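This briefing looks at charged side-chain pairs and at one helix. Please have the sequence and the structure open while reading.

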Amino acid sequence: MKQTEPEFWVLEYVTITKDPRTDLVVAIGGTEKAADILQRTGGFLSVPGPRGDYHRLPHGLPVEQQRLKATTASHALLAAGHSVHLDPALNALATPDSEHEAALRYLAQLAERASAARTSSAVAEVLTEIAAPVNGLLPLTREVVVRCWIAASDLQRAAPGGVPEPLARLGDTTSSLSQAAHVILHARNHAARAPQPAAPTPPPSNAQPPASRRR
């Protein structure tokens, strides 16, 4: 007896990813039902493209909002029986390797905060995150470079020829990182002391006094 392959009602594949050129989160593929789910659960917008319509999230969303909406939409699509590929960088529920992704998201958020800053104090807050003496990004990066330099130098001393010039220059770089942190902190202090823009004064009211009070 000839066996036949079973028929699977697999819906068209949907890919949710971030376009590296525009940094927009896009969803490609899927049926009209998938498009409806993308719009209702993830807030995606339907946009005409050169090869047909596709979906994308609105411009200007923070990174965390992009990840949350993409993850929500992908789970709704999976629950409806669609085949979905979600870019791991957009998966808000991703774990073990999330430390590296979290670091990248943190840097992206700092860049967004800097772009959105409307006061000198907001700029100073971002600069503090970068160059704070203990937990700032730059001092912590310097500490990593110092430890790499020490480890590599110890290994090279055990080999013939001594420490090569590139490693010696790596040691000099640690001093440059310290100087850069000092410059950024000086700029941070200046920005923190800068006068903040005054709140806009509301326009005078043109309302007339009640008739009973008019003379």
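The side chains of Glu-64 and Arg-67 form a salt bridge with an N to O distance of 3.6 Å; a salt bridge here is a side-chain nitrogen of Lys or Arg within 4 Å of a carboxyl oxygen of Asp or Glu. This is a predicted model, in which local features need pLDDT of at least 70 and side-chain atom pairs count only at pLDDT 80 or more, while totals for chains, interfaces and linings use all residues. Residues are numbered from 1 along each chain as its sequence is written, and side-chain values use heavy atoms, with hydrogens and water left out.

**The pair in helix α2**

- Glu-64 and Arg-67 are 3 residues apart in helix α2 (residues 63-79), which is about one helical turn. Helices (H or I, at least four residues) and strands (E, at least two) are DSSP runs, numbered from the N terminus.
- An α-helix has 3.6 residues a turn, so residues three or four places apart point the same way.
- Glu-64 is partly exposed at 36% relative accessible area, whereas Arg-67 is buried at 6%. Buried means under 20% relative accessible area, exposed over 50%, and partly exposed in between (1.4 Å probe, protein chains only).
- Glu-64, Arg-67 and Arg-105 are linked in a network of salt bridges.

**Other salt bridges**

- The whole structure holds 5 salt bridges according to the search.
- One of them joins the side chains of Glu-125 and Arg-113, at 3.8 Å from N to O. Glu-125 belongs to helix α4 (residues 120-131) and Arg-113 to helix α3 (residues 98-116), so this pair ties together parts that are 12 residues apart in sequence.
- Glu-125 is partly exposed at 46%, and Arg-113 is partly exposed at 35%.
- Arg-147 and Glu-143 also meet in a salt bridge, at 2.9 Å from N to O. Both lie in helix α5 (residues 137-157), 4 residues apart, or about one turn of the helix.
- Arg-147 is exposed at 58%, while Glu-143 is partly exposed at 33%.

**The two faces of helix α1**

- In helix α1 (residues 32-42), the residues Ala-34, Ala-35, Ile-37, Leu-38 and Gly-42 are buried. They cover an arc of only 160° around the axis, which puts them on the same side of α1; the arc is that of the directions from the helix axis to the C-beta atoms.
- These buried residues pack against β1 (14-18), β2 (25-29), β4 (52-56) and α2, where contact means heavy atoms within 4.5 Å.
- The exposed residues Glu-32 and Arg-40 sit on the face of α1 turned away from its buried side.
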